[in-house]
Amino acid sequence: MSIVIGSGLLLVIVIGVLFLYLSPEFGGSPSIEQKSVFEKSPNYVNGKFINKGNVKLDMSMRDMGKSLAGFFGPTPLTKPSRDIPVRKLDSLDLVKFQDSTRLIWFGHSAFLLQISNKIIVIDPMFGKVPAPHPMLGTNRFSKELPIDVEKLPKIDIVLISHDHYDHLDYGTIQKLRHKVNMFYTPLGVGAHLQKWGVEKERIMELDWWQEVAHEGLVFGCTPAQHFSGRGFSDRASTLWSSWVIRSERDNIFFSGDSGYGPHFKEIGDKYGPFDFAMLECGQYNEMWPDIHMFPEQTAQAGLDLGAKRIMPIHWGAFKLAMHPWTEPVERVTNKAKELNLDVLTPRIGAPIYLNGWEETTSPWWK
C-alpha cells in the first residue's frame, strides 16, 4: 500500500513539474538582451523589479493559509447567485464607429477603446478562468462576453499593464495576435508575447515615465504599486505599470493593478487632469494592503489624479478575494459621494461615451 501511495505522489509531482515547464500558459523569460536594458532602469535592483518605498509583498505562512482557505472555502456572496447578463456588441458597429471616444468594458480590467479612429484593447483577459489551468481558479461570472474574440476587428494597439493571469491570458493572445498591429507593455512582458508567437517587431516595452506616440495618440507608461510573475520562480522579473492615453481632445488614465501610494499624485501632477480614470477597485484584503486598493482609496486616487470622472474596475468578473462581489462598487460609490467625485458604473458591454455619461450609469448589480 505504501508503495502504491508513494508511486501516486511521485506521479503527481512529475505531472506538476512537466506542466510547470512545458505548458505555454506560463509564458517566456526575458532574454539576456532584455535584461541588459533592465539594468539601466532605476526600478530594477539585483535582478528584480521593485516598488517605490517600503512595500510589503510577502504574506506570512499563516496569512497564506487563511487566504487559501477563504478562496476555496464556501465564503458567502463572493460570487453572484446566477450568471451576470452582458450587453452584446455587433462587430460591424465597431468597424463603422467614427464618432467621439468610447470604451466598452468586458468585466474586470479588460476594455476596448475607440479613440481617434483607432481601436485599442486594454489588458485582454477574455478567457474563462484567470489561472494557468481551469482547476486552479473559478469561472468568469458571465457565460458570454460582449463579443466573441474571433469577431473583433483589426486592433491598432494592445496595452498590457502586467503579466498576471487576470490581465494577460495565453488563450486570448492566441486568438488576437494575428489581428494586432502593436503591443505596448512594461519592461519584460514582451518575453511572454514572443513565446506565444508575436514577432519582436510588434512589441514595444517601456519603463515608467517613458512615452510612445502613434498617429496622433500618446501612450505614457506610468508607475503602479504591485508585482509580477506567472510561475514559482519568476516573481518581479517583469515590470508592472499603469497607462496614460492622450489624444488631441481626450486624456484617459488606466490604473492596472496598484495599491494606494503617492504615485497617483505624481501622475496627476505630470499628466492630469484626466477626463476619465479607470481605477482598480476589487480583490482587496487586509492581508495584502499594499498591492491592491481598498474602495475608499480608489476614490482618493481619483482626486489625486485630478480625474473628472472615475470608473471602478477589477471587479464584476472573477473571484480573486474573499469580499462580497458587489462590495467594491458599493463602497467606492459611497466614498465618491462624500468627496463630490463622479463615478461611472456601466453594465458590462454597454458603450461608454466620453461626451455622454448618464445613460451608461446604473446600479445594475442590484
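The model is predicted. I will start with α8 itself, which covers residues 295–305. Which residues of α8 are buried? They are Pro295, Thr298, Ala299, Ala301, Gly302, Asp304 and Leu305. As a reminder, an α-helix has 3.6 residues a turn, so residues three or four places apart point the same way. Just after the helix comes Gly306, with a positive phi of about 70°.

The axes of α7 and α8 come within 7 Å of each other and cross at roughly 30°. That angle is under 35 degrees, so the pair counts as roughly parallel. The crossing of α7 past α8 is right-handed. On the α7 side, the contact is made by Phe264, Lys265, Ile267 and Gly268; on the α8 side, by Ala301, Asp304 and Leu305. By class, that contact has four nonpolar residues, one polar and two charged. Ala301, Asp304 and Leu305 are also on the list of buried residues in α8.

Next, α9, residues 327–338. Here the axes are 8 Å apart, and the angle between α8 and α9 is about 45°. The two helices are therefore oblique to each other. α8 passes α9 in a right-handed crossing. From α8, the residues involved are Pro295, Glu296, Thr298 and Ala299. They meet Pro328, Arg331, Val332, Lys335 and Ala336 of α9. This contact divides into five nonpolar residues, one polar and three charged. Of the α8 residues here, Pro295, Thr298 and Ala299 are among the buried ones.

Is Lys270 buried or partly exposed? Its relative accessible area is 48%, so Lys270 is partly exposed. Between Lys270 and Trp209 there are 9.6 Å, C-alpha to C-alpha, at a sequence separation of 61 residues.

The other residue is Thr345, in the loop between β15 (342–343) and β16 (351–353). Thr345 has a relative accessibility of 8%, and because buried means under 20%, Thr345 counts as buried. What lies 3.1 Å from a polar atom of the Thr345 side chain? The backbone oxygen of Ser362 does.

Key: Residues are numbered from 1 along each chain as its sequence is written. This is a predicted model: local features need pLDDT of at least 70, side-chain atom pairs count only at pLDDT 80 or more; totals for chains, interfaces and linings use all residues. Side-chain values use heavy atoms; hydrogens and water are left out. Buried means under 20% relative accessible area, exposed over 50%, partly exposed in between (1.4 Å probe, protein chains only). Axes are lines fitted to C-alpha atoms, for helices over the stretch in contact, and angles run from 0 to 180 degrees between N-to-C directions. Helices (H or I, at least four residues) and strands (E, at least two) are DSSP runs, numbered from the N terminus. Angles under 35 degrees count as roughly parallel, over 145 as roughly antiparallel, 65 to 115 as roughly perpendicular and the rest as oblique. A crossing is left-handed if the near helix is turned anticlockwise from the far one by less than a right angle, and right-handed if clockwise. Contact means heavy atoms within 4.5 Å. Ala, Val, Leu, Ile, Met, Phe, Trp, Tyr, Cys and Pro count as nonpolar, Asp, Glu, Lys and Arg as charged, and the others, Gly among them, as polar. A polar contact is a pair of N or O atoms within 3.5 Å; within protein, one must be able to donate a hydrogen and the other to accept it, and residues adjacent in sequence count only if both atoms are side-chain atoms.
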